[in-house]
Amino acid sequence: KNVKDNIHSMEISPSGKRVLFDARGDIFSVPVGEGTIQNLTNTQGIREIYPKWSPNGKWIAYYSDATGEYEIYILENKEYAKPRQLTFNSTGWKFPAEWSPDSRYLVFFDRSMHLKMLDIESGHLTFIDTPTSDEIKHYSFSPDSKWITYSKKGPNGLGNIWVYNIRTGIKTQLTDDTYSDSYPLFSKDGQYLFFLSMRDFNLTFS
C-alpha cells in the first residue's frame, strides 16, 4: 500500500539527512536524498504515531497502542533495534511529546489532565502540573535542560506562562491573568522567553 497520502505527522532528524513519518500506523525513516526508505515498526493491527528524534540522534520516541492504550516507546537508531516500552497503564489520549536538549527527558500532556516528564533511562514519571480547565498543549525545555516552560489557563480562562524547575520541582507563574498568553519558547542562549500574547479586549458573542 502506498502510504504517501496518509501521513499523520513528521519529524526531521538532528542531522537533517532523514525524516520520520507516521502513516497508516507505521513509522518510516525516509532519506532526504538518495537512500532506502525503512519501515521502523512494521506492525499489523497496531498504530504507532508521533515519532520524535532525540537531539543526540540516538533515540526515536513514539506512541503505540499495542497494549490497547497509547504508551510511549523508544527505539534506538540502529539496525535491528528492538523498541522499549517506557510508560504503563496509561489512560487517555496523549499530545505530542518534546525531548529535552540533553536527550534525557520527554515532556507530554495526556487526557488524564496531567503534564508529565519522563526520564527515559529510569522510566520515572514526574507529574508537573494539572490544569483546572483546558488541556496544556504548549510546552518546551530550556537549552540547558533545567527548565520546562508551558502555558496554562487561569481561573478567568486566559492563558498564563509558567516555568518548572526540574531540579527543585518548583513551578512558577510568570504572567498574570490580564492577557491570554501561549506558545512559550526559550531563546537559544536561554536568556529570554518568547511567547504569544493576545492583547485586544474584544467582546465575544454567543
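First, the term. A pocket here comes from a 1 Å grid over the protein atoms alone: it is an open set of points where a 1.4 Å probe fits, with protein on both sides within 12 Å along at least five of seven lines, and lining residues have an atom within 4 Å of a point. This is a predicted model, where local features need pLDDT of at least 70, side-chain atom pairs count only at pLDDT 80 or more, and totals for chains, interfaces and linings use all residues. Residues are numbered from 1 along each chain as its sequence is written, and side-chain values use heavy atoms, with hydrogens and water left out.

The largest pocket, then. Its lining has 17 residues, with Leu-40, Lys-78, Glu-79, Tyr-80 and Ala-81 nearest the centre. Strands S4 (38-39) and S7 (71-76) each give two or more residues to that lining; strands are DSSP runs of E, at least two residues, numbered from the N terminus. The volume is about 400 Å³, meaning the space filled by probe spheres set on the points, with points joined across faces, edges and corners.

Next, the second largest pocket. It holds about 300 Å³. Sixteen residues line it, and Glu-98, Trp-99, Pro-101, Ser-140 and Phe-141 are closest to its centre. Strands S5 (48-53), S9 (98-99), S13 (139-141) and S17 (180-186) each supply two or more lining residues.

Last, Asn-42. It sits in the loop between S4 and S5. Is Asn-42 buried or exposed? Exposed, because its relative accessible area is 54%, and the cut-off is over 50% with a 1.4 Å probe, protein chains only; buried means under 20%. From Asn-42 to Phe-28 is 14 residues in sequence and 8.8 Å in space, C-alpha to C-alpha.

Key: Helices (H or I, at least four residues) and strands (E, at least two) are DSSP runs, numbered from the N terminus.
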